[in-house]
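Q: I want to learn how to read packed helices and paired strands. Can we go through one model together?

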Amino acid sequence: MSHNSFGHLFRVTTWGESHGPALGCVVDGCPPGLKLTAEDVQVWLDQRRPGQGKFVTQRQEPDAVKILSGVFEDDRTGGQVTTGTPISMLIENVDQRSRDYGEIAQAFRPGHADYAYFAKYGVRDYRGGGRASARETAARVAAGAVARKVLEGVTIRACVTQIGPHAVDRARFDWSQTHENPFWCPDAETVPVWEEHLEKVRKAGSSTGAIVEVEAVGVPPGWGAPIYGKLDAELAAALMSINAAKGVEIGAGFAAAAFSGEENADEMRAGNDGPLFLSNSAGGILGGISTGQPVVARVAFKPTSSILSLRRSLNEAGEEIELRTKGRHDPCVGIRAVPVVEAMTACVLADAWLRHRAQTGGGAFLPGGGGRG
């Protein structure tokens, strides 16, 4: 199987399956001298970890990370730092229940990658979906923790803005609320609405979709490239690579189709450190290059395909069947996707920063203000 790596200078390769003994990643291209410990990675993995509430999968995985290479105790700094060599990290699987998937060993779950994998490779790991399982995203979160070390001065945060048909009220949007509830919701008044909706979905054995929004603040102007290395294109590709992602928009996104030219234009005035933008329809990226505004993107996640409802499908012999999926599954994958979206954004931005520095030396043109970045 190819294409298990992404990035250019900051390059990440993930490995492992949902029900294998372990999974992990190799991060290549991380600069030397950055302080990095297992605890620095664990804090982000704990945010993604399953089994932390009744509205997520009950699989109990500690997701304890081990850093196997790429760091060394530096007496000069008094801590463990990156060496510039590949950083390999391992996360053991300890709570697999492969027997739950016995009934679908020869069957294809509608809406899942089962059929597509089998059609391509002629063989598939039916236990949790193998590489198609969202369990793989733990490795991405570990890589994202390393990327954040590269991105000094950049803050990346994400939240859920919609579950099923219920969206947050933008007038009440407050980032400080996202860590005060289990849904990463920035609108406290929407939390009970989501709880009621998810309780009905869970009891019905069904699932629902969600939208996750991510914002990166502190990205200087100049990152990205104008043609095939567009920052928004690479960010969209990274976010679309997350399990169950079915749509990505940058800035105003699809809403821009209804704007007039005047409404869409992010007007500028002179600021102390360069342009002061009066709006951010572009999502912090123009012509594929960052503008210095917050980079904003949203990802739409489909409902979990493994549900208890009886559905029509086929088996590997091409016979028509009906099946339901047993096991422990998220009724809404968008909830635990929040730290994954943050991690993928961090990896893309770390790669963009290193490529920008390699090509330009790190400076960016600011009218009347010199360079920074």
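A: Begin with two terms. Helices (H or I, at least four residues) and strands (E, at least two) are DSSP runs, numbered from the N terminus. Axes are lines fitted to C-alpha atoms, for helices over the stretch in contact, and angles run from 0 to 180 degrees between N-to-C directions. This is a predicted model, where local features need pLDDT of at least 70, side-chain atom pairs count only at pLDDT 80 or more, and totals for chains, interfaces and linings use all residues. Residues are numbered from 1 along each chain as its sequence is written, and side-chain values use heavy atoms, leaving out hydrogens and water.

Q: At what angle do helix 3 and helix 7 pack?

A: Two packed helices are described by the angle between their axes and the distance between the axes. Here helix 3 (residues 137–150) meets helix 7 (residues 333–360) at about 45°, and the axes are 7 Å apart. Angles under 35 degrees count as roughly parallel, over 145 as roughly antiparallel, 65 to 115 as roughly perpendicular and the rest as oblique. Helix 3 and helix 7 are therefore oblique to each other.

Q: Which residues of helix 3 and helix 7 make the contact?

A: Contact means heavy atoms within 4.5 Å. Helix 3 contributes residues including Arg 140, Ala 143, Gly 144 and Ala 147. From helix 7 come, among them, Ala 343, Cys 347, Ala 350 and Trp 353.

Q: How does helix 5 cross helix 7?

A: The axes of helix 5 (residues 231–240) and helix 7 come within 9 Å, crossing at roughly 145°. Leu 235 and Leu 239 of helix 5 are among the contact residues, as are Met 344 and Val 348 of helix 7.

Q: Now the strands. What is the order in the open sheet of five strands?

A: Two strands pair if DSSP finds at least two bridges between them. The order is 1-2-3-7-4, and the pairing is antiparallel. Strand 1 (5–6) and strand 4 (65–67) are at the edges with a single partner strand each, so one side of each has no neighbour in the sheet. Strand 1 pairs with strand 2 (residues 11–16) over two bridges. Ser 5 stands opposite Thr 13 in strand 2.

Q: Which helix lies across strand 4 and strand 7?

A: Helix 1 (residues 38–48) does, running at about 150° to strand 4.

Q: What joins strand 12 to strand 13?

A: A hairpin does, through two residues. Strand 12 (residues 268–271) and strand 13 (residues 274–277) form an antiparallel pair over four bridges. Within that pair, Arg 269 faces Leu 276 as its opposite in strand 13.
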